[in-house]
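Please look over the sequence and the model shown here before reading on.

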Amino acid sequence: MARPRKDVKFQHRGGAANGKARRPSTSMSEISENASEPGSPTRNGASHKIKPASPEPPPQSEYEKKKQNFITRTIWTFIMIGGFFWSMFAGHIYIIIVVTAVQIISFKEVIAISNVPSRARSLRFTKTLNWYFLGTTMYFLYGESVIYYFKHILLVDKILLPLATHHRFISFMLYIIGFIFFVSSLQKGHYKFQFTQFAWTHMALFLIVGQAHFVINNIFEGMIWFFLPVAMVITNDIFAYICGITFGRTPLIKISPKKTWEGFLGAWFFTIIFGIGVTHIMIRYKYFICPVNDLGANLWTGLECKPNPVFIPRMFTLPVPLPEWTQLPSRFSIAPVQFHVFVLATFASLIAPFGGFFASGLKRTFKIKDFGDSIPGHGGMTDRMDCQFIMGSIAFMYYSSFIAIHTTSVGGIIESAITGLTPEEQMEVVKGLSKHLVNQEIISPKVLEYLSGQLRRR
């Protein structure tokens, strides 16, 4: 019996000869590739040439990625700056629309952080409730602002009058409807997730929509009170970066290791200089300093009002005269608003960055780099507005406490007191005002003693 030749190989469907692994069978894709090689016969016996597949482009290097991201970031920066100034000059209603869009996008990004897909949990109404509570909260807060600043229009309109007078009750009932719907939608086995979403939604409403409400009020009080806080935060952020990379050495806070004390102090100084310079220009135009009394006004039509005394320059004398060799005057004229700018710049440098620190801690908690990708090259909207929301709230609280003037007429107060109060209540009002004037050392305490004696006799 003849031995088989060593160089002869037999193809088998399975297994391998002599225990050696056989060559894998040719796949259909390989057959197709072989058939398409130049000069290979086709089914009809003809041969044709096919262009070889183009090679895949090499992957981008780290430098190219950073360069592309820098270009995208720069383009969108100019787009946002241009859109911002166009909205501010076009009129208050346009900048209000921009703020509204910003808060809606930010709310969506914050909610999405902890939102597990509802379909995976068979919960259909989770996202619906989130947006319902957002709409209810915005209706309440925007309504409060509109009623406060435009009551002279709403209270004389037959249709808007009941909405204005019962606004808070309507808003509360809308919230109660959402609350009842939430309780009714609770499903066994998903309680923890649903209550977590409920709490997370309310936190987002407080941190974003609530603070955006104060930003809207700043716009109504005058464009300068909206622009200054926004511009100061941006200026502080820019110079904190420049000063930090230039001569920053001492870390400022552990949660944000790139922040330094040198960057913080340098940014504070330049923010003050920027605020004083911009304020000196803006107080010349009533469009920026007047409260809103016409939503159709813009930079070219302007606004008319009696300026707040804080914008009118006054003479100030230094408490300690300067040495003669300095040749600097001890008296100077300056608008009082510049002193308030110094305080706001300090807030923008000291407190507003903690909004960014809070956002950084939140992102580290959920192990994410950005809140989203709403702005190409910049990340999410919340990444850009984390400091703006808290600064807008600070600016409104400071303005309401130290700058706002609550105007009313003496005749109107006297008329209300006479027609709406009893003689005993009128005496209580007089006594309360007298006590205030005594505490301010405007009148003698004997006046208060006399009034107290008169009240005892009655």
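Predicted model: local features only at pLDDT ≥ 70, side-chain atom pairs only at ≥ 80, totals over all residues.

Residues are numbered from 1 along each chain as its sequence is written, and side-chain values use heavy atoms, with hydrogens and water left out.

Start with helix α4, which covers residues 126-149. Helices here are DSSP runs of H or I with at least four residues, strands are runs of E with at least two, and both are numbered from the N terminus. The expected span of a helix is 1.5 Å times one less than its number of residues.

Several residues of α4 are buried, among them L129, N130, F133, L134 and L141. Buried means under 20% relative accessible area, exposed means over 50%, and partly exposed lies in between (1.4 Å probe, protein chains only). The buried residues of α4 pack against α3 (92-113), α5 (151-154), α7 (167-184), α8 (191-221) and α14 (381-402). On the α8 side, T201 is found in that helix and is buried, with a relative accessible area of 1%. Leaving aside neighbours within four places in sequence, T201 is in contact (heavy atoms within 4.5 Å) with F107, I111, N130 and F133.

Next come the nonpolar cores. A nonpolar core is a set of buried Ala, Val, Leu, Ile, Met, Phe, Trp, Tyr and Cys residues joined through side-chain atoms within 4.5 Å. In soluble globular proteins, nonpolar side chains tend to be buried together. The largest nonpolar core in this model has 47 residues, and those with the most contacts inside it are I95, I224, W225, F226 and F311. Helices that each supply at least two residues of this core include α2, α3, α8 and α14. Helix α9 gives the most, with 10 residues. Leaving aside neighbours within four places in sequence, F226 is in contact with F84, I95, V99, V215, N218 and I219. A second, separate core of 24 residues includes I111, L134, L141 and F182.

What lies on the surface? A nonpolar patch of about 470 Å² is made by F70, I71, I75, W76 and I79. Patches are made of residues with over 30% relative accessible area and no salt bridge; like charges are joined within 9 Å, and nonpolar side chains (Val, Leu, Ile, Met, Phe, Trp, Tyr) within 5 Å. Accessible areas come from the Shrake-Rupley method with a 1.4 Å probe; for residues, only the protein chains shown count as cover. I71 lies in helix α2 (residues 62-90) and is partly exposed, at 37% relative accessible area.

The last topic is charge pairs. A salt bridge is a side-chain nitrogen of Lys or Arg within 4 Å of a carboxyl oxygen of Asp or Glu, and the count comes to 3. R168 and E144 meet at 3.0 Å, N to O. This pair links helix α7 to helix α4, 24 residues apart, and R168 is exposed at 58%. E304 and K286 meet at 3.4 Å, N to O. E304 is exposed, at 61%, whereas K286 is partly exposed, at 33%. K363 pairs with D383, the closest N and O atoms being 2.9 Å apart. K363 lies in helix α13 (residues 353-365) and D383 in helix α14, so the pair ties together parts that are 20 residues apart in sequence. Both K363 and D383 are buried.
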